[in-house]
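The following note is intended for a student reading this structure alongside its sequence. Please keep both in view while working through the numbered points.

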Amino acid sequence: MMPKVTLIILNHNSLSKLGDEAYRFLESIISTNYDNLEIIIIDNASTDGSLEEMEKRFKNVNNLRIIKSKINLGYAAGNNLGFKIYGRKSKYVAFINNDVEVEKDWLIKIIEVMEKDPSIAAAQPKILQLRKRDLIDSLGGIIDRLGRAYDLFHDLRDNERITKPIEVFYARGAAIVIHSEIFNQLGGFDPSYFIYYEETDLCWRIRLLGYRVVTVPTSKIYHLGGGTTGGPTIQTIYLRRRNQLVTLLKNYSIRNILTYVPIVYALYIAYALRRLIAKRDTTMFRTYISVILWSLQNLRKIITKRKLVQRSRKVPDKEITKHMLSIQKYNMISSMMRKEY
């Protein structure tokens, strides 16, 4: 028998954001062909009737459980809740977005790879674009030395010849499979992130323990994107930039913090001033300055978390940074990236 997997899906007002398509996505995920699977839906305090509709439509699915949260916990804490209640007894825990369609064998192909190689602690499928299925959404995530994120092969045509697992810096949170024991050891996603960069931070911490993160290209899902947030807003920009900064402060060595974090601060200030002067954009100016002020005001809390991360470190930064892009290479390819990320 294949090892047990707990698959966790978050829901927050999916009916108002996705319409009836939300239930088609869930039906696709529930149809995953894996014998030893339990599926957990965490409802993050939905108010649009999507919770009640899910309870009605899927009441006869034996391996499905729905947990209702009284508040919107976000991606990080919402998934942590599902793991805490159901995931600890499974060998693997998988997190998948509610705006995806899956090929039925997507999960078993990932588990087969992870079972053969104990050095792999986290993995993702090939993520294709739902509306343009011949285009890649992500073959995995990579960051540069400043923590700026890049989706490998994004917007390029699918290449079926890539079949072997690919080493990536982090697995995308749209669909990520993790060893439950390691997820538990790390304390799960950092709940303070709420949403964005939580999978980047988690996979960085996985790498600090000496494990690997890969993409399994033979496993495929199709991702709509923006199904939870509804697209970029001032709030999502704030969270992305804030969490990028926190990720560096928590996980880098002191030497690399002193090297790269001042550059991030300088870039944030420069961008804020450019938006203010060139476009009189006071909102974006305040957003970036607020990120900097927040990081300084919360430095003690960040340092406390950093101590926990560094206490369990088994790998030096030189082993981590070889999986990152250089600043120069990131700048060179940035024109091909999604602007909102």
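1. In which loop is Asn 13 found? In this predicted model, Asn 13 belongs to the loop that runs between strand 1 (5-11) and helix 1 (14-18). Its phi is positive, about 50°, although Asn 13 is not a glycine. Most residues other than glycine have a negative phi. Asn 13 is also buried, since its relative accessible area is 12% and the limit for that term is under 20%.

2. Tyr 196 is not a glycine, yet it has a positive phi of about 85°. Its place is the loop between helix 6 (180-185) and helix 7 (198-208). With a relative accessibility of 10%, Tyr 196 counts as buried.

3. The next points concern charged side chains. Side chains of opposite charge can pair when their charged atoms come close. The whole structure contains 26 salt bridges. One of them joins Lys 56 and Glu 53, at 3.5 Å from N to O. Both residues lie in helix 3 (residues 50-57), where they are three residues apart, about one turn of the helix. Lys 56 is exposed, because its relative accessibility of 55% is over the 50% limit.

4. A salt bridge also connects Arg 133 with Glu 101, at 2.6 Å from N to O. Arg 133 sits in the loop between strand 6 (120-129) and strand 7 (136-138), whereas Glu 101 is in strand 5 (residues 100-102), so this pair ties together parts that are 32 residues apart in sequence. Arg 133 is partly exposed, at 38% relative accessibility, while Glu 101 is buried, at 12%. Both residues take part in a network of salt bridges that also includes Glu 21, Arg 24 and Arg 131.

5. The remaining points concern aromatic rings. The structure holds 10 aromatic pairs. Among them is the edge-to-face pair of Phe 83 and Phe 183, with 4.8 Å from centre to centre and 75° between the planes. Together with Tyr 75, Phe 95 and Phe 189, Phe 83 and Phe 183 form one aromatic cluster.

6. How are the rings of Tyr 271 and Tyr 288 arranged? These two form a tilted aromatic pair, 4.9 Å centre to centre, with 55° between the planes. Tyr 271 belongs to helix 9 (residues 254-279) and Tyr 288 to helix 10 (residues 282-297), so the pair ties together parts that are 17 residues apart in sequence. Tyr 271 is partly exposed, with a relative accessible area of 24%, whereas Tyr 288 is buried, at 9% relative accessibility.

7. Arg 242 lies over the face of Trp 294, at 4.7 Å from the ring centre.

Technical notes:
Residues numbered from 1 in each chain as written. Predicted model: local features only at pLDDT ≥ 70, side-chain atom pairs only at ≥ 80, totals over all residues. Heavy atoms only, no water. Helix = DSSP H or I, 4+ residues; strand = E, 2+ residues; numbered from the N terminus. Buried < 20%, exposed > 50% of the residue type's maximum accessible area, 1.4 Å probe, protein only. Salt bridge = Lys/Arg side-chain N within 4 Å of Asp/Glu carboxyl O. Phe/Tyr/Trp six-rings, centres within 6.5 Å; stacked < 30°, edge-to-face > 60°. Lys NZ or Arg CZ within 6 Å of the ring centre and 35° of its normal.
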